[in-house]
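The sequence and model come first.

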Amino acid sequence: MKPNLTNKAIAFAIVCTTFFNCSIESIDNSQSESLIVQEEIQTATESTTCSGSNPTARITNNGTVIVDFEILTIDGTLLDSEYSLAPGESSSWKTFDQGDIIFSITNEDPNINDLKVAYNMSACMEFDMEIGPDNLLTTATPESL
């Protein structure tokens with residue numbers, strides 16, 4: 001019985017293809033790449049870790065009227081403010097002491113209600129507020145860093 005040459009050629013081609021698809025890589029290279037990725041993750045985590053800094057807040061006015069933004073203590077002491085914030089503008093980040101804080105947004109339009117929210121702001125918290133196109137405060141809440 002004569003072996004079929006075509007079957008042997010196909011088997012040989014499959015074996016050769018398998019060899020070419022395999023690659024040999026040094027285990028040292030993959031370990032060093034893994035260490036680099038771990039260091040990058042650790043560096044990113046360390047850079048966003050807060051070390052007891054005071055809370056911050058800002059507001060973006062996506063509404064239709066000019067607004068005033070005030071940060072007050074619970075007893076009404078003004079801590080920081082941004083006045084005449086036009087539609088499409090954002091305030092700078094405001095830093096203030098920890099505690100029960102009132103965020104007040106007022107405007108001169110009698111048809112649009114003023115907005116006030118209060119939160120207990122502790123170290124390493126930020127509050128990125130936004131007034132929506134309907135001139136209402138969006139459902140943002142303070143976040144810990």
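Leaving aside its neighbours within four places in sequence, which residues is Asp97 in contact with? They are Asn54 and Pro55, where contact means heavy atoms within 4.5 Å.

The model is predicted, so local features need pLDDT of at least 70 and side-chain atom pairs count only at pLDDT 80 or more, while totals for chains, interfaces and linings use all residues. Residues are numbered from 1 along each chain as its sequence is written, and side-chain values use heavy atoms, with hydrogens and water left out.

**Two loop residues**

Asp97 sits in the loop between strand 4 (94-95) and strand 5 (99-107). Strands (E, at least two residues) are DSSP runs, numbered from the N terminus. Ser91 belongs to the loop between strand 3 (78-85) and strand 4. Ser91 counts as buried because its relative accessibility is 5%; buried means under 20% relative accessible area (1.4 Å probe, protein chains only). Not counting residues up to four places away in sequence, Ser91 touches Arg58, Ile59, Phe69, Glu82 and Leu85. C-alpha separations for both loop residues are tabulated below.

| Pair | Separation in sequence | C-alpha to C-alpha distance |
|---|---|---|
| Asp97 and Ala123 | 26 residues | 8.5 Å |
| Ser91 and Ser81 | 10 residues | 9.0 Å |

An open sheet of 4 strands has the order 4-1-7-8, with mixed pairing. The edges are strand 4 and strand 8 (143-144); each has a single partner strand, so one side of each is left without a neighbour in the sheet. Two strands pair if DSSP finds at least two bridges between them. Strand 1 (residues 56-61) and strand 7 (residues 125-131) run parallel and are joined by 6 bridges. Asn61 has Ile131 as its bridge partner in strand 7.

**The cavity**

A cavity is a set of points on a 1 Å grid over the protein atoms alone where a 1.4 Å probe fits but cannot get out; lining residues have an atom within 4 Å of a point. The count is 1 cavity of 30 Å³ or more. The largest cavity holds about 50 Å³ of space, a volume being the space filled by probe spheres set on the points, which are joined across faces, edges and corners. Both Asn61 and Ile131 are in its lining, together with Val65, Val67, Ile105, Thr106, Asn107, Asn113, Leu115 and Asn135. Strand 5 gives the most to this lining, with 3 residues. By class, the lining of the largest cavity has 5 nonpolar, 5 polar and no charged residues. Ala, Val, Leu, Ile, Met, Phe, Trp, Tyr, Cys and Pro count as nonpolar, Asp, Glu, Lys and Arg as charged, and the others, Gly among them, as polar.

Note on methods:
Buried < 20%, exposed > 50% of the residue type's maximum accessible area, 1.4 Å probe, protein only. 1 Å grid on protein atoms, 1.4 Å probe; cavity = no way out; pocket = protein on both sides within 12 Å on 5 of 7 lines; lining within 4 Å.
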